[in-house]
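Biologist: Could you take a close look at one part of this protein for me? I'd like to hear about a pocket in it, and then a couple of spots on the strands.

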Amino acid sequence: MIINRYLLVVVLIFSSNLLFAQHVPAWGGGADQQDLSFGFSFTYVSTDFKIVNQPNFRNAFLDENGVQVKGPLNSISSKSSPAFGVGFLTRYRITEHLEVRTTPSLIFADRVLHYSYVDPSEDVDKKIQTTSVDIPLQLKLKSDRLGDFRAYVVGGLKYTQAIGSKKNSDANLDLSEKLVKNVGGFASYEAGVGCDIYFEFFKLSPEIKISNSLGNVLMREYNPYSAPLSRLGLHTIMFSLIFE
């Protein structure tokens with residue numbers, strides 16, 4: 001019985017090798033035969049904030065005249081929010097297994113902070129609506145190609161620049177209705193894994209990356225929602241489909 005199982009395993013391994021030997025690998029549109037190639041990407045993005053509060057963040061917020069605007073806080077938290085991005089790929093091959101690439105992308109995102117107060121009737125979500133351009137510079141380290149498949153790891157830095165946002169968009173609002181704002185531009189580091197799947201006329205690369213901002217992305221202002229915060233960091237998970 002045991003011998004029969006070993007024979008079955010050997011037959012399966014031999015059969016799979018024979019199939020790989022007979023299979024003609026897909027051309028993939030010739031992307032790997034060129035040092036410089038281009039493509040495009042669609043990305044699902046999930047973002048949330050890493051929050052560092054002021055030591056006295058729980059205190060009631062008072063205006064410049066000492067009048068209470070918001071009561072004492074219990075906590076400040078960040079909800080994971082979905083976003084979407086589209087991008088353009090430029091790739092340059094350095095060696096057979098190493099390439100440098102950039103994928104400038106337009107990202108449409110809503111980021112949310114939840115403020116929980118001692119008086120639950122004061123609880124509020126503050127949404128930070130942003131449209132931004134991500135400009136990454138990454139190194140991609142690839143494995144050997146196996147049939148129509150190749151795995152890789154990727155990592156690098158990126159710069160994010162907000163577009164279309166106005167610094168004084170809440171100038172006419174009461175203190176209790178003020179917005180939380182992020183700085184206009186900031187850098188992040190990112191790392192991820194993916195795979196190249198070869199088809200006859202193109203190459204598809206599903207990829208997942210994690211990104212964390214460098215420094216503080218909070219724009220400091222004196223209002224009930226920005227004042228309790230010491231620092232905001234942006235944590236992002238991205239799932240991309242890259243066509244090349």
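Modeller: Happy to. Thirteen is the number to start with: the second largest pocket has 13 lining residues, and those nearest its centre are Asn56, Asn59, Ala60, Phe61 and Pro228. Keep in mind that this is a predicted model.

Now for the strands. Thr130 sits in strand β8, which runs over residues 124–142. Is Thr130 buried or exposed? Its relative accessible area is 14%, so Thr130 counts as buried, the cut-off being under 20%. Setting aside residues up to four places away in sequence, Thr130 touches Ile107, Phe108, Ala109 and Arg111.

Next comes Gly155, which belongs to strand β9, residues 149–162. Gly155 has a relative accessible area of 25%, so this glycine is partly exposed; that class covers values between the 20% limit for buried and the 50% limit for exposed. Which residues does Gly155 contact, once neighbours within four places in sequence are left aside? They are Leu137, Gln138 and Leu139, together with Glu190 and Ala191. There's also a C-alpha distance to look at in your viewer: Gly155 and Gly192 are 37 residues apart along the chain, and their C-alpha atoms are separated by 6.3 Å.

Note on methods:
Residues are numbered from 1 along each chain as its sequence is written. This is a predicted model: local features need pLDDT of at least 70, side-chain atom pairs count only at pLDDT 80 or more; totals for chains, interfaces and linings use all residues. Side-chain values use heavy atoms; hydrogens and water are left out. Helices (H or I, at least four residues) and strands (E, at least two) are DSSP runs, numbered from the N terminus. Buried means under 20% relative accessible area, exposed over 50%, partly exposed in between (1.4 Å probe, protein chains only). Contact means heavy atoms within 4.5 Å. On a 1 Å grid over the protein atoms alone, a cavity is a set of points where a 1.4 Å probe fits but cannot get out, and a pocket is an open set with protein on both sides within 12 Å along at least five of seven lines; lining residues have an atom within 4 Å of a point.
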